[in-house]
Amino acid sequence: VPGYESGSDGPKAADELLKLGIALGHANQRQNACVALAQLDHAFPNAGGAVKHAASQEKRRLRCG
């Protein structure tokens, strides 16, 4: 993903990781999507409310454990 690399903390990194998780989910790669969304929670605990809300909805949709 252009705006995100492991360990990245750029201004758009959390959003890019969210987009990656959503894209993986839509590509039927549920396990990888759940990993990306979990990484979002771990790497960006202070992400904006909209990012957190969207990630939460996607995790619920994918039934991430």
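Predicted model: local features only at pLDDT ≥ 70, side-chain atom pairs only at ≥ 80, totals over all residues.
Residues are numbered from 1 along each chain as its sequence is written, and side-chain values use heavy atoms, with hydrogens and water left out.

## Overall architecture

The secondary structure of the chain consists of three helices and zero strands, and its order along the sequence is α-α-α. Helices (H or I, at least four residues) and strands (E, at least two) are DSSP runs, numbered from the N terminus. The chain has 65 residues, of which 31% count as buried.

Contacts (heavy atoms within 4.5 Å) also describe how the chain is arranged. Among those between residues at least 6 apart in sequence, 48% join residues at least 24 apart. The chain exposes about 4,300 Å², and 50% of this area comes from carbon and sulfur atoms (Shrake-Rupley method, 1.4 Å probe; for residues, only the protein chains shown count as cover).

## The nonpolar core

The largest nonpolar core contains 15 residues (buried Ala, Val, Leu, Ile, Met, Phe, Trp, Tyr and Cys residues joined through side-chain atoms within 4.5 Å). Within this core, A14, L18, L40, F44 and V51 have the most contacts. The elements that give two or more residues to it are α1 (13-26), α2 (30-43) and α3 (49-62).

When residues up to four places away in sequence are not counted, A14 touches L40, F44, A47 and V51.

## E58 in helix α3

Helix α3 contains E58, which counts as buried at 7% relative accessibility. The side chain of E58 makes a polar contact of 2.7 Å with the side chain of R61 (a pair of N or O atoms within 3.5 Å; within protein, one must be able to donate a hydrogen and the other to accept it, and residues adjacent in sequence count only if both atoms are side-chain atoms).

With neighbours within four places in sequence left aside, E58 is in contact with G21, I22, G25 and L37.

## Salt bridges

The structure holds four salt bridges. In one of them, K19 pairs with D15, and the closest N and O atoms are 3.4 Å apart. K19 and D15 both lie in helix α1, four residues apart, about one turn of the helix. K19 has 45% relative accessibility and counts as partly exposed; D15, at 29%, is likewise classed as partly exposed. Together, D15, E16 and K19 are linked in a network of salt bridges.

Another salt bridge joins the side chains of K59 and D41, with an N to O distance of 2.3 Å. Because K59 lies in helix α3 and D41 in helix α2, this pair ties together parts that are 18 residues apart in sequence. K59 counts as partly exposed at 22% relative accessibility, and D41 is also partly exposed, at 38%.

## The disulfide

The structure contains one disulfide (a pair of cysteine sulfur atoms within 2.5 Å). It joins C34 to C64, with an S to S distance of 2.0 Å. The pair links distant parts of the chain: C34 lies in helix α2 and C64 in the segment after α3, 30 residues apart.

The torsion about the S-S bond of C34 and C64 is about -85°, so the disulfide is left-handed. C34 is buried, with a relative accessible area of 13%, whereas C64 counts as partly exposed at 22% relative accessibility.

Terms used:
Buried < 20%, exposed > 50% of the residue type's maximum accessible area, 1.4 Å probe, protein only.
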